[in-house]
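Please examine the sequence and the three-dimensional structure shown here. The text that follows is intended to be read beside them.

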Amino acid sequence: MAQNKLDEQFNVVLRWRPLTNDEAVAGPITYGSTQTQDALFQAVSISVPDKRPWISASVFKGAFEPVDDNQALFDHIVAPALPKVLDGASCNYFAYGHSGSGKTHTMFGYDYDSPDEMGLCLAAARKLFESLSKFNKESSEHKLGVGFSLFEVRQKSAFDLLNGRTPCHIAEDHYGETRIRGPTEMLEDGKLRVQPISQRSCWTYDFFKAEMQTSLGLRSVGSSSVHDQSSRTHTIFKLEVINAALVEARQAVIDRESELVPVGERATDVTVEEQTKGFIRTPDGGYVSNPDYTINQARIDAAVAEKENFEARVRKAEKHVAKVLNSSQPLGGAFLFVDLAGAEYQQDKSSPSSHPLFEQTPQERQEGRQINTDLLALKGVIRAYVSNQSRIPFRSSPLTMVLQEYFPDSRNGTSAMIVTVSPAMDQYAATLNSLKFGSQVGIACV
């Protein structure tokens with residue numbers, strides 16, 4: 001394993017997965033890495049027979065070999081960020097690669113009991129609980145715990161895995177902030193509640209582990225031409241330091257928003273009703289004042305004033321959340337892990353392969369185009385973010401809209417993209433494209 005210290009705001013690292021028994025018959029791609037003179041970055045090269053070798057720019061901060069387990073990645077990439085999270089910062093990690101390259105194994109793992117093979121998410125949670133246990137012993141204030149959220153993004157929808165995979169809508173509010181909202185519930189007294197993405201409050205590691213395993217079982221998978229259990233969605237997993245006061249304060253915001261919904265709708269209805277009565281249509285299609293009706297402006301003003309009063313209550317509740325977050329240093333510190341959907345590329349018929357070319361179905365091609373659109377949008381956001389551009393194109397796709405809230409919080413933390421690749425000869429084209437993508441992201445980060 002060749003590795004370099006992750007001291008940049010955004011880092012790109014590489015992980016080669018092992019060959020399967022069938023792939024070993026054809027042999028691996030020839031690959032290697034070369035460090036820069038200052039030992040800060042690495043260039044990666046790959047080659048196959050009858051093709052010109054390709055060499056990346058010197059932008060990778062680490063190159064992990066097939067023999068390196070998940071523990072090695074965690075120690076190098078995630079563990080150094082734990083002190084930043086305990087200082088209240090956010091650290092984001094993205095797994096990028098084609099289907100079957102090892103993204104999900106890296107992020108979530110398949111052995112939840114082995115320290116060497118558990119995914120980065122579970123390993124981060126375990127270390128976070130250990131650190132918070134020390135905080136709780138030293139402080140008599142509110143007990144600290146971990147809140148976690150787990151949801152998927154597919155096309156223009158999100159699916160809440162902590163709430164039975166409930167479909168949620170992704171949209172911007174009138175303040176320009178992205179909101180993810182589930183179905184509307186009718187409550188008592190005509191109140192309407194639109195539940196946001198769930199956050200599960202966990203006070204022990206064992207409880208968290210059981211909840212995570214249950215919710216991961218609801219992930220959406222499907223067959224692709226490369227992998228029979230390929231994720232067709234982007235999975236977003238968040239770990240946040242919380243306490244009971246923070247959970248209560250956030251619930252108060254949801255309650256105040258529920259109270260606002262019917263009041264806001266009534267203000268709109270009253271305004272529309274009065275305006276409709278106050279004007280009549282002329283024969284030529286225009287509108288003039290209705291001589292038989294005087295708009296009741298006092299009625300409109302009263303409805304709008306009531307709406308503004310309830311909006312003020314929401315803002316007060318939101319300010320209280322901010323106050324609670326500032327009351328304790330670790331509160332709000334977070335790890336964000338994003339297992340990106342498999343980057344689907346049209347297979348290159350000229351690429352060396354010991355297997356016949358797979359034919360993608362129309363649905364696979366459509367899904368692949370949408371996934372690639374999301375991934376290209378993410379690349380644009382990362383490049384704009386690390387270069388401190390005044391305008392960051394978060395609106396380019398639903399995925400980047402959802403991630404918008406996490407990027408500003410990571411200014412004081414560190415973030416990384418883990419590019420997972422296969423050394424299999426018949427996946428050369430996909431591996432090459434993944435390396436090019438990672439290189440393009442890395443160029444903007446150095």
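Predicted model: local features only at pLDDT ≥ 70, side-chain atom pairs only at ≥ 80, totals over all residues.

Residues are numbered from 1 along each chain as its sequence is written, and side-chain values use heavy atoms, with hydrogens and water left out.

The protein has 12 helices and 20 strands; helices (H or I, at least four residues) and strands (E, at least two) are DSSP runs, numbered from the N terminus. Its C-alpha atoms fill a box of roughly 85 × 70 × 40 Å along the principal axes. Of the 446 residues, 50% are buried, where buried means under 20% relative accessible area, exposed over 50%, and partly exposed in between (1.4 Å probe, protein chains only). A contact is defined by heavy atoms within 4.5 Å. Among contacts between residues at least 6 apart in sequence, 71% join residues at least 24 apart.

In soluble globular proteins, nonpolar side chains tend to be buried together. A nonpolar core is here a set of buried Ala, Val, Leu, Ile, Met, Phe, Trp, Tyr and Cys residues joined through side-chain atoms within 4.5 Å. The largest such core has 53 residues, and those with the most contacts inside it are Y93, F208, F237, L239, F335 and F337. Helix α5 (residues 120-138) gives the most to this core, contributing 9 residues. A second, separate core comprises 50 residues, including F10, F151, V381 and F437.

Leaving aside its neighbours within four places in sequence, F208 is in contact with L122, A125, F129, F148, C202, F237 and L239. Some of these contacts involve aromatic rings. Rings of Phe, Tyr and Trp (its six-membered ring) pair if their centres lie within 6.5 Å; planes under 30 degrees apart count as stacked, over 60 as edge-to-face and the rest as tilted. The structure holds 16 aromatic pairs. One of them, between F129 and F208, is tilted, with 6.1 Å centre to centre and 45° between the planes. This pair links distant parts of the chain, since F129 lies in helix α5 and F208 in helix α6 (residues 205-216), 79 residues apart. F129 counts as buried because its relative accessibility is 10%, and F208 does so because its value is 0%. F148 and F208 form an edge-to-face pair, 5.1 Å centre to centre and with 85° between the planes. Here too distant parts of the chain are linked: F148 belongs to strand β8 (residues 144-154) and F208 to helix α6, 60 residues apart. F148 is buried, at a relative accessible area of 0%. F108, F129, F148, Y205, F208 and F237 form one aromatic cluster.

Attention now turns to strand β2. In a regular strand the side chains alternate between the two faces of the sheet. All 7 of the 7 residues of strand β2 (residues 10-16) are buried, so the strand is largely enclosed by the rest of the structure. Both of its faces are covered, with F10, V12, L14 and W16 buried on one side and N11, V13 and R15 buried on the other. Two strands pair if DSSP finds at least two bridges between them. β2 runs parallel to strand β20 (residues 415-421), to which 7 bridges join it, and L14 stands opposite V419 in β20. β2 also pairs in the parallel sense with strand β6 (residues 62-64), over 2 bridges, where L14 stands opposite A63.

The expected span of a helix is 1.5 Å times one less than its number of residues. The 25 residues of α9 should therefore span 36 Å, and its end C-alpha atoms are 37 Å apart, which agrees. α9 is followed by N388, whose phi is positive, near 55°.

Which cysteines form disulfides? The structure holds 0 disulfides, a disulfide being a pair of cysteine sulfur atoms within 2.5 Å. For C121, the nearest cysteine sulfur, that of C202, is 13 Å away. C121 counts as buried, at 0% relative accessibility. The sulfur of C168 is 19 Å from the closest cysteine sulfur, in C202, and is therefore too far for a bond. C168 is likewise buried, with a relative accessible area of 6%.
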